[in-house]
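Subject: Handover of a structure for your review

Dear colleague,

Please find the structure below, together with its sequence. I would be grateful if you could read the notes that follow with the model open beside them.

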Amino acid sequence: MRYEGMIYRPPSEGESLIIQTTIGCPHNRCRFCNMYKSKRFRIRKVADILQDVEEAGRLYGGSPPRTLFLADGNSVVMRTSQLLSVLRKIRETFPGLERVTAYGASQYVAHKSLEEWRELRDAGLSRIHCGMESGHDPLLRLVNKGTTMREQAEAGRLLREAGFELSMYYLAGLGGDEMRKGHAEDSAAVLNAADPDFIRIRTFSPMPGTELGDEFLQGRLKISEPHGVLDELRMLIERLTGNGLLLSDHWLNFAPVRGRLPDDRDVMLRQIDRALALPGDAFRPVGMISDSL
Ligand code: SF4
């Protein structure tokens, strides 16, 4: 199996076999993201991907993986026919897989029809990890996310209607103190429209090699303190009406919030309130970090 450059995958795919279908991210212009800055985007040759799947089959032998993740960023941008070839090979090689997943930002999800998504679902792709980050249009524009509140909601609905499991990511603190309310309210509206199976919380921290990282180093970007971010998370959770599992599963987050909506809402709000009662120095330092999200 061949891998090119640093490989990223969601924490929940830590045990997954990774097959790299694309190199880098077709957008690669989000002002907070440094994951694929060093890679020029391209779709790998399908023949090479199929060879990698075959080789993985030989390597795993009688102990096949339970789950598989298609890297890099936004592999769903591949033509549906290309993805179907890869998925058929994966199913032939590992017929017992419980889950095949990929990253899919809304603008690339929206490129395919419901019919195409159903075909992909039938061929074995089963969960999409969608980096929503925010549903607030002014913030989406500010960070150059390349999508809109409406497109995010429609992409989520499309995937759910096609039978996918959907994991959506919210980037707490991304709008700083100024956009906090709009960020929480509009993101809740998108999440309510899409009703994902999983809502995963991440917390914004400026990264080296990004435009927002540069602005932070130049003193032009002010980031929220932990209490502000926790307040925002509280606003978000108060407004959620879906049935998903909310997980705060990243070391950058300020509180260990976890629960099934809507039943565990009050438990989660209490978890946040406990964190809100702590002094500022009880949290990790706020500032530039050297890791990637
Ligand atoms: S956040 Fe996602 S869509 Fe934006 S540049 Fe990074 S990988 Fe690409």
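In these notes, contact means heavy atoms within 4.5 Å. Helices (H or I, at least four residues) and strands (E, at least two) are DSSP runs, numbered from the N terminus.

This is a predicted model, in which local features need pLDDT of at least 70 and side-chain atom pairs count only at pLDDT 80 or more, while totals for chains, interfaces and linings use all residues. Residues are numbered from 1 along each chain as its sequence is written, and side-chain values use heavy atoms, with hydrogens and water left out.

The helix pairs

Two packed helices are described by the angle between their axes and the distance between the axes. Axes are lines fitted to C-alpha atoms, for helices over the stretch in contact, and angles run from 0 to 180 degrees between N-to-C directions.

Helix α4 (residues 114-122) packs with α6 at an angle of about 50°, the axes being 9 Å apart. Angles under 35 degrees count as roughly parallel, over 145 as roughly antiparallel, 65 to 115 as roughly perpendicular and the rest as oblique; α4 and α6 are therefore oblique to each other. The crossing of α4 and α6 is right-handed, a term used if the near helix is turned clockwise from the far one by less than a right angle (left-handed if anticlockwise). On the α4 side, Leu114, Trp117 and Arg118 meet Leu158, Leu159 and Glu161 of α6. By class, this contact of α4 with α6 comprises four nonpolar, no polar and two charged residues. Here Ala, Val, Leu, Ile, Met, Phe, Trp, Tyr, Cys and Pro count as nonpolar, Asp, Glu, Lys and Arg as charged, and the others, Gly among them, as polar.

Helix α6 (residues 149-161) also packs with helix α7 (residues 180-194), at about 25° and with the axes 8 Å apart. These two helices are therefore roughly parallel to each other, and their crossing is right-handed. Met149, Gln152, Ala153, Gly156, Arg157 and Arg160 of α6 make the contact with Asp186, Ala189, Val190, Ala193 and Ala194 of α7. The residues of this contact of α6 with α7 divide into six nonpolar, two polar and three charged.

Helix α7 packs in turn with helix α9 (residues 226-239), at an angle of about 35° and with the axes 9 Å apart. The crossing of α7 and α9 is right-handed. Among the residues in this contact are Ala184, Ala188 and Leu191 of α7 and Val229, Met235 and Leu236 of α9. The contact of α7 with α9 has six nonpolar, four polar and five charged residues.

Strand β5 (residues 99-103) pairs with strand β6 (residues 127-133) in the parallel sense over three bridges, and Thr101 stands opposite Arg127 in β6.

Backbone points to check

Most residues other than glycine have a negative phi, and most peptide bonds are trans. A cis peptide bond joins Ala71 and Asp72, with omega about -5°; Asp72 is placed in the loop between β4 and α2. Another cis peptide bond joins Leu261 and Pro262, also with omega about -5°, and Pro262 is in the loop between β10 and α10 (265-276). Glu133, in strand β6, has a positive phi near 65°.

The ligand

Glu133 is also one of the residues around the ligand, which include Cys25, His27, Cys30, Cys33, Asn74 and Lys145; a residue counts if one of its heavy atoms lies within 4 Å of the ligand. The shell around the ligand divides into five nonpolar, three polar and three charged residues.

With kind regards

Technical notes. Pairing = 2+ DSSP bridges.
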